[in-house]
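Hi everyone, thanks for coming. Let me put the sequence and the model up on the screen, and then we'll walk through a few places together.

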Amino acid sequence: MKSSSSGTTATSNRASGAGWACVRHFSEPAPIDCGKMGPMEPTKYIWFDGEMVPWADANVHVLSHALHYGTGIFEGIRAYETPQGTEVFRLTDHMARLHQSAKAYNMKLDWSVPELVEAAKEILRVNGLESGYVRPISFLELGAIGLNPAGARVRTAIIAWKWGAYLGEEGVLNGIRVKVSSWRRFPNTAFPNAKATGTYINSILAKMEAVQSGYDEALMLNQDGVVSEGSGENLFLVRGGVVYTPPIAVGCLDGLTRNAVMTLLAEEGYEIVEKTLDRSDLYYGDEVFFTGTAAEVTPVREIDDRPVGDGTPGPVTRVAQALYADLVAGKLGKHQDWLEYI
Ligand code: PMP
(Lines give C-alpha, C1' and ligand atoms only; values in the text may rest on other atoms or scores of the structure.)
Protein backbone atom coordinates (compact mmCIF):
# COMPACT_ATOMS: atom_id res chain seq x y z
CA MET A 1 0.00 0.00 0.00
CA LYS A 2 1.30 3.43 -0.82
CA SER A 3 0.04 6.80 0.17
CA SER A 4 -1.69 8.96 -2.40
CA SER A 5 -1.19 12.72 -2.51
CA SER A 6 -4.46 13.30 -0.67
CA GLY A 7 -3.26 11.27 2.26
CA THR A 8 -5.76 8.53 1.46
CA THR A 9 -4.20 5.09 1.51
CA ALA A 10 -4.78 3.02 -1.57
CA THR A 11 -2.92 1.26 -4.35
CA SER A 12 -5.71 1.32 -6.88
CA ASN A 13 -9.45 1.66 -7.12
CA ARG A 14 -9.82 -2.03 -7.83
CA ALA A 15 -10.91 -3.89 -4.69
CA SER A 16 -9.35 -7.20 -3.86
CA GLY A 17 -11.92 -9.99 -3.94
CA ALA A 18 -15.47 -9.37 -5.09
CA GLY A 19 -16.83 -6.02 -6.22
CA TRP A 20 -15.21 -2.64 -6.65
CA ALA A 21 -13.86 -0.23 -4.12
CA CYS A 22 -15.52 3.09 -3.53
CA VAL A 23 -14.48 5.89 -5.80
CA ARG A 24 -11.44 7.58 -4.35
CA HIS A 25 -11.56 11.37 -4.38
CA PHE A 26 -8.38 13.39 -4.28
CA SER A 27 -8.77 16.30 -1.94
CA GLU A 28 -5.32 17.60 -2.90
CA PRO A 29 -4.07 17.98 -6.46
CA ALA A 30 -1.71 15.19 -7.47
CA PRO A 31 1.81 16.23 -8.50
CA ILE A 32 2.07 16.86 -12.24
CA ASP A 33 5.30 15.85 -13.91
CA CYS A 34 6.65 18.35 -16.43
CA GLY A 35 9.70 16.46 -17.62
CA LYS A 36 12.78 18.65 -17.68
CA MET A 37 10.90 21.46 -15.99
CA GLY A 38 10.29 19.62 -12.71
CA PRO A 39 6.91 19.26 -11.01
CA MET A 40 4.19 21.80 -11.69
CA GLU A 41 3.05 23.99 -8.81
CA PRO A 42 -0.75 24.14 -8.80
CA THR A 43 -2.15 27.65 -8.66
CA LYS A 44 -5.17 28.80 -6.72
CA TYR A 45 -7.72 29.24 -9.49
CA ILE A 46 -8.63 28.06 -12.95
CA TRP A 47 -10.88 30.17 -15.16
CA PHE A 48 -13.72 27.89 -16.20
CA ASP A 49 -16.44 29.38 -18.39
CA GLY A 50 -16.44 32.72 -16.70
CA GLU A 51 -15.87 31.54 -13.14
CA MET A 52 -12.78 31.35 -10.98
CA VAL A 53 -12.82 27.73 -9.83
CA PRO A 54 -10.37 26.36 -7.23
CA TRP A 55 -7.65 24.27 -8.96
CA ALA A 56 -8.81 20.96 -7.44
CA ASP A 57 -12.44 21.52 -8.45
CA ALA A 58 -11.88 22.26 -12.15
CA ASN A 59 -12.97 18.77 -13.23
CA VAL A 60 -15.03 17.26 -16.03
CA HIS A 61 -17.18 14.16 -16.41
CA VAL A 62 -15.63 10.91 -17.73
CA LEU A 63 -18.27 10.80 -20.44
CA SER A 64 -17.01 14.07 -21.89
CA HIS A 65 -16.91 13.84 -25.68
CA ALA A 66 -13.36 15.25 -25.81
CA LEU A 67 -12.04 12.53 -23.55
CA HIS A 68 -13.33 9.83 -25.89
CA TYR A 69 -12.59 11.39 -29.25
CA GLY A 70 -10.07 14.21 -28.77
CA THR A 71 -12.61 16.87 -29.69
CA GLY A 72 -10.85 19.83 -28.18
CA ILE A 73 -8.79 22.78 -29.31
CA PHE A 74 -6.20 24.62 -27.31
CA GLU A 75 -3.40 27.16 -27.18
CA GLY A 76 -0.11 27.56 -25.39
CA ILE A 77 0.84 31.10 -24.40
CA ARG A 78 3.62 32.59 -22.30
CA ALA A 79 3.56 35.53 -19.94
CA TYR A 80 6.79 37.34 -19.15
CA GLU A 81 7.93 39.70 -16.45
CA THR A 82 9.18 42.97 -17.90
CA PRO A 83 10.27 46.31 -16.40
CA GLN A 84 6.83 47.61 -17.49
CA GLY A 85 4.93 44.81 -15.73
CA THR A 86 3.74 41.38 -16.88
CA GLU A 87 3.10 41.01 -20.59
CA VAL A 88 1.41 38.11 -22.36
CA PHE A 89 3.14 37.53 -25.66
CA ARG A 90 0.81 37.77 -28.68
CA LEU A 91 -2.18 36.99 -26.47
CA THR A 92 -4.73 38.29 -28.97
CA ASP A 93 -3.10 36.34 -31.82
CA HIS A 94 -3.21 33.16 -29.75
CA MET A 95 -6.89 33.64 -28.90
CA ALA A 96 -7.59 34.40 -32.56
CA ARG A 97 -5.86 31.13 -33.49
CA LEU A 98 -8.04 29.35 -30.92
CA HIS A 99 -11.09 30.77 -32.69
CA GLN A 100 -9.62 29.71 -36.01
CA SER A 101 -9.18 26.14 -34.72
CA ALA A 102 -12.77 26.25 -33.45
CA LYS A 103 -13.95 27.26 -36.89
CA ALA A 104 -12.08 24.38 -38.53
CA TYR A 105 -13.82 21.93 -36.23
CA ASN A 106 -17.22 23.66 -36.35
CA MET A 107 -17.05 24.32 -32.66
CA LYS A 108 -19.08 27.27 -31.40
CA LEU A 109 -17.23 29.09 -28.64
CA ASP A 110 -19.21 31.04 -26.05
CA TRP A 111 -16.39 33.53 -25.60
CA SER A 112 -15.11 36.14 -28.02
CA VAL A 113 -11.42 36.84 -28.61
CA PRO A 114 -11.46 40.01 -26.42
CA GLU A 115 -13.31 38.13 -23.64
CA LEU A 116 -10.71 35.33 -23.71
CA VAL A 117 -7.90 37.88 -23.72
CA GLU A 118 -9.34 39.50 -20.60
CA ALA A 119 -9.93 36.12 -18.93
CA ALA A 120 -6.30 35.10 -19.55
CA LYS A 121 -5.06 38.32 -17.99
CA GLU A 122 -7.41 37.84 -15.05
CA ILE A 123 -6.25 34.28 -14.33
CA LEU A 124 -2.65 35.50 -14.17
CA ARG A 125 -3.67 38.36 -11.88
CA VAL A 126 -5.77 36.31 -9.42
CA ASN A 127 -3.03 33.71 -9.12
CA GLY A 128 -0.38 36.37 -8.57
CA LEU A 129 1.70 35.06 -11.49
CA GLU A 130 4.19 37.57 -12.84
CA SER A 131 5.28 35.13 -15.54
CA GLY A 132 4.20 31.68 -16.61
CA TYR A 133 2.41 29.57 -19.14
CA VAL A 134 -1.24 30.06 -20.08
CA ARG A 135 -3.26 27.18 -21.49
CA PRO A 136 -6.72 27.98 -22.90
CA ILE A 137 -8.70 24.89 -23.92
CA SER A 138 -12.15 24.51 -25.42
CA PHE A 139 -13.62 21.06 -25.64
CA LEU A 140 -16.81 19.11 -26.11
CA GLU A 141 -18.23 17.94 -22.83
CA LEU A 142 -21.54 16.21 -22.15
CA GLY A 143 -24.53 16.12 -24.48
CA ALA A 144 -23.40 13.70 -27.18
CA ILE A 145 -21.41 10.51 -27.15
CA GLY A 146 -21.63 9.22 -30.71
CA LEU A 147 -19.33 10.43 -33.44
CA ASN A 148 -21.79 13.16 -34.35
CA PRO A 149 -20.91 15.76 -31.74
CA ALA A 150 -24.06 17.85 -32.30
CA GLY A 151 -25.58 18.58 -28.90
CA ALA A 152 -22.34 18.35 -26.95
CA ARG A 153 -21.74 21.34 -24.74
CA VAL A 154 -18.62 23.38 -25.48
CA ARG A 155 -16.65 24.21 -22.36
CA THR A 156 -13.73 26.61 -22.14
CA ALA A 157 -11.09 26.77 -19.44
CA ILE A 158 -7.91 28.78 -19.00
CA ILE A 159 -5.20 27.43 -16.77
CA ALA A 160 -2.02 29.30 -15.86
CA TRP A 161 1.05 28.09 -14.06
CA LYS A 162 4.72 28.78 -13.53
CA TRP A 163 6.83 27.15 -16.24
CA GLY A 164 10.52 27.09 -17.07
CA ALA A 165 12.37 26.17 -20.26
CA TYR A 166 10.37 23.45 -22.06
CA LEU A 167 13.43 21.59 -23.33
CA GLY A 168 15.52 22.38 -20.25
CA GLU A 169 17.91 25.23 -19.40
CA GLU A 170 20.82 23.13 -20.62
CA GLY A 171 19.08 22.73 -23.99
CA VAL A 172 18.59 26.48 -24.34
CA LEU A 173 22.26 27.08 -23.56
CA ASN A 174 24.00 24.28 -25.46
CA GLY A 175 21.41 22.80 -27.78
CA ILE A 176 19.36 19.62 -27.79
CA ARG A 177 19.71 16.20 -29.39
CA VAL A 178 17.03 15.37 -31.93
CA LYS A 179 16.04 12.21 -33.79
CA VAL A 180 14.00 11.97 -36.96
CA SER A 181 10.90 10.11 -35.89
CA SER A 182 9.63 6.88 -37.39
CA TRP A 183 6.19 8.51 -37.04
CA ARG A 184 5.15 10.83 -39.87
CA ARG A 185 3.39 14.12 -39.17
CA PHE A 186 -0.29 13.89 -40.10
CA PRO A 187 -1.08 15.58 -43.41
CA ASN A 188 -3.45 18.52 -43.71
CA THR A 189 -5.70 16.22 -45.72
CA ALA A 190 -6.30 14.13 -42.58
CA PHE A 191 -7.00 17.04 -40.21
CA PRO A 192 -7.31 20.78 -40.74
CA ASN A 193 -4.17 22.73 -39.91
CA ALA A 194 -5.30 23.71 -36.43
CA LYS A 195 -4.35 23.16 -32.82
CA ALA A 196 -6.70 20.34 -31.88
CA THR A 197 -6.19 18.09 -28.86
CA GLY A 198 -6.82 14.79 -30.66
CA THR A 199 -4.18 15.37 -33.30
CA TYR A 200 -1.49 15.65 -30.62
CA ILE A 201 -1.51 11.90 -30.11
CA ASN A 202 0.60 11.90 -33.30
CA SER A 203 3.15 14.24 -31.69
CA ILE A 204 3.01 12.21 -28.48
CA LEU A 205 4.01 9.01 -30.28
CA ALA A 206 6.97 10.84 -31.80
CA LYS A 207 7.99 12.47 -28.51
CA MET A 208 7.78 9.20 -26.57
CA GLU A 209 9.87 7.38 -29.15
CA ALA A 210 12.56 10.10 -29.10
CA VAL A 211 12.76 10.34 -25.31
CA GLN A 212 12.72 6.57 -24.81
CA SER A 213 15.60 6.34 -27.28
CA GLY A 214 17.64 8.87 -25.31
CA TYR A 215 17.00 12.03 -27.39
CA ASP A 216 15.50 15.31 -26.25
CA GLU A 217 13.03 15.84 -29.07
CA ALA A 218 11.57 14.28 -32.21
CA LEU A 219 11.61 15.76 -35.67
CA MET A 220 8.78 14.63 -37.89
CA LEU A 221 8.79 14.19 -41.64
CA ASN A 222 5.48 14.40 -43.51
CA GLN A 223 3.91 11.74 -45.73
CA ASP A 224 6.17 12.81 -48.63
CA GLY A 225 9.25 12.41 -46.47
CA VAL A 226 10.03 16.11 -46.22
CA VAL A 227 10.75 17.90 -42.95
CA SER A 228 7.67 19.24 -41.18
CA GLU A 229 8.30 20.13 -37.52
CA GLY A 230 9.18 18.96 -34.03
CA SER A 231 6.57 17.39 -31.78
CA GLY A 232 5.69 20.87 -30.51
CA GLU A 233 8.01 23.26 -32.35
CA ASN A 234 8.70 24.72 -35.78
CA LEU A 235 12.10 24.18 -37.34
CA PHE A 236 14.65 26.58 -38.81
CA LEU A 237 17.83 25.65 -40.67
CA VAL A 238 20.69 28.00 -41.55
CA ARG A 239 23.02 27.29 -44.45
CA GLY A 240 25.46 29.69 -46.02
CA GLY A 241 23.96 32.54 -44.01
CA VAL A 242 20.45 31.97 -45.43
CA VAL A 243 17.66 31.06 -43.02
CA TYR A 244 15.28 28.33 -44.21
CA THR A 245 12.05 27.08 -42.68
CA PRO A 246 9.51 24.62 -44.11
CA PRO A 247 6.35 26.19 -45.58
CA ILE A 248 3.11 25.66 -43.64
CA ALA A 249 1.72 23.66 -46.56
CA VAL A 250 4.07 20.73 -45.79
CA GLY A 251 2.01 20.25 -42.66
CA CYS A 252 3.39 22.21 -39.75
CA LEU A 253 1.64 24.55 -37.37
CA ASP A 254 1.56 28.20 -38.39
CA GLY A 255 3.59 29.02 -35.30
CA LEU A 256 3.43 32.49 -33.82
CA THR A 257 7.02 32.19 -32.58
CA ARG A 258 8.06 31.09 -36.08
CA ASN A 259 6.39 34.20 -37.45
CA ALA A 260 8.00 36.44 -34.81
CA VAL A 261 11.49 34.99 -35.39
CA MET A 262 11.13 35.31 -39.18
CA THR A 263 10.15 38.95 -38.70
CA LEU A 264 13.00 39.71 -36.29
CA LEU A 265 15.67 38.03 -38.42
CA ALA A 266 14.39 39.71 -41.60
CA GLU A 267 14.65 43.07 -39.83
CA GLU A 268 18.29 42.23 -39.05
CA GLY A 269 18.89 41.78 -42.77
CA TYR A 270 18.88 37.97 -42.96
CA GLU A 271 17.41 36.32 -46.03
CA ILE A 272 14.50 34.11 -44.93
CA VAL A 273 13.31 31.42 -47.32
CA GLU A 274 10.30 29.16 -46.83
CA LYS A 275 11.55 26.01 -48.51
CA THR A 276 10.80 22.32 -48.55
CA LEU A 277 13.68 20.56 -46.80
CA ASP A 278 14.54 16.89 -46.96
CA ARG A 279 16.27 14.76 -44.39
CA SER A 280 19.74 15.20 -45.87
CA ASP A 281 19.38 19.00 -45.69
CA LEU A 282 19.29 18.51 -41.95
CA TYR A 283 22.72 16.90 -42.01
CA TYR A 284 24.25 19.64 -44.15
CA GLY A 285 22.87 22.64 -42.28
CA ASP A 286 25.30 24.93 -40.48
CA GLU A 287 22.72 25.59 -37.77
CA VAL A 288 19.31 24.26 -36.80
CA PHE A 289 16.95 25.59 -34.15
CA PHE A 290 13.41 25.05 -32.95
CA THR A 291 10.86 27.76 -32.17
CA GLY A 292 7.67 27.61 -30.16
CA THR A 293 5.87 29.31 -27.31
CA ALA A 294 7.05 26.64 -24.88
CA ALA A 295 10.46 26.00 -26.48
CA GLU A 296 11.07 29.71 -27.33
CA VAL A 297 14.26 29.53 -29.44
CA THR A 298 16.09 26.28 -28.71
CA PRO A 299 19.28 25.33 -30.59
CA VAL A 300 19.58 21.81 -32.00
CA ARG A 301 23.12 20.51 -31.59
CA GLU A 302 22.70 17.02 -32.98
CA ILE A 303 20.35 15.30 -35.43
CA ASP A 304 20.34 11.51 -35.86
CA ASP A 305 23.65 11.29 -33.95
CA ARG A 306 25.34 13.72 -36.35
CA PRO A 307 26.52 17.10 -35.04
CA VAL A 308 24.77 20.14 -36.48
CA GLY A 309 27.61 22.34 -37.76
CA ASP A 310 30.35 22.06 -35.15
CA GLY A 311 27.87 20.76 -32.57
CA THR A 312 27.42 24.06 -30.76
CA PRO A 313 24.73 26.75 -31.28
CA GLY A 314 25.73 28.93 -34.23
CA PRO A 315 25.75 32.73 -34.65
CA VAL A 316 22.33 33.09 -36.33
CA THR A 317 20.75 30.90 -33.65
CA ARG A 318 22.31 33.12 -31.00
CA VAL A 319 20.99 36.26 -32.72
CA ALA A 320 17.48 34.74 -32.93
CA GLN A 321 17.63 33.72 -29.26
CA ALA A 322 18.84 37.15 -28.13
CA LEU A 323 16.31 39.10 -30.20
CA TYR A 324 13.44 36.91 -29.04
CA ALA A 325 14.54 37.08 -25.39
CA ASP A 326 14.80 40.88 -25.57
CA LEU A 327 11.46 41.14 -27.36
CA VAL A 328 9.49 39.12 -24.80
CA ALA A 329 11.29 40.84 -21.92
CA GLY A 330 10.07 44.20 -23.24
CA LYS A 331 13.63 45.35 -23.99
CA LEU A 332 13.60 45.46 -27.79
CA GLY A 333 11.55 48.63 -28.22
CA LYS A 334 9.84 47.13 -31.29
CA HIS A 335 6.61 45.23 -31.92
CA GLN A 336 5.02 46.67 -28.81
CA ASP A 337 1.62 45.49 -30.05
CA TRP A 338 2.77 41.88 -29.44
CA LEU A 339 3.28 42.62 -25.75
CA GLU A 340 -0.10 42.66 -24.03
CA TYR A 341 0.24 43.88 -20.46
CA ILE A 342 -2.06 42.43 -17.80
N1 PMP B 1 4.22 23.03 -33.96
C2 PMP B 1 3.50 22.37 -33.06
C3 PMP B 1 3.04 20.99 -33.38
C4 PMP B 1 3.18 22.96 -31.83
O5 PMP B 1 2.46 22.29 -30.93
C6 PMP B 1 3.64 24.25 -31.55
C7 PMP B 1 3.33 24.89 -30.23
N8 PMP B 1 2.10 25.57 -30.26
C9 PMP B 1 4.39 24.91 -32.53
C10 PMP B 1 4.66 24.27 -33.73
C11 PMP B 1 4.87 26.32 -32.31
O12 PMP B 1 3.79 27.21 -32.36
P13 PMP B 1 3.80 28.58 -31.55
O14 PMP B 1 5.06 29.27 -31.89
O15 PMP B 1 2.60 29.31 -32.02
O16 PMP B 1 3.74 28.23 -30.11
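Before that, two housekeeping points. This is a predicted model, so to speak of local features we need pLDDT of at least 70, and side-chain atom pairs count only at pLDDT 80 or more, while totals for chains, interfaces and linings use all residues. Residues are numbered from 1 along each chain as its sequence is written.

The domain assignment, which is an automatic or database one, gives domain 1 (1–30), domain 2 (34–161) and domain 3 (169–328). Between the centres of domain 2 and domain 3, over C-alpha atoms, there are 25 Å. Their contact involves 22 residues of domain 2 and 11 residues of domain 3, where contact means C-beta atoms, placed from the backbone, within 7 Å. On the domain 2 side, the largest share, six residues, is from α2.

Now the ligand. Of the 15 residues around it, Leu-253, Gly-255, Thr-257, Gly-292 and Thr-293 come nearest; a residue is near if its C-beta atom, placed from the backbone, lies within 6 Å. Two elements give two or more residues to this shell, α6 (256–267) and β14 (287–292). Helices here are DSSP runs of H or I with at least four residues, and strands are runs of E with at least two, numbered from the N terminus.

Finally, is Ile-32 buried or exposed? Ile-32 is exposed, because 10 other C-beta atoms lie within 10 Å, and the cut-offs are 12 or fewer for exposed, 20 or more for buried, and partly exposed in between.

Terms used. Contact = placed C-beta atoms within 7 Å.
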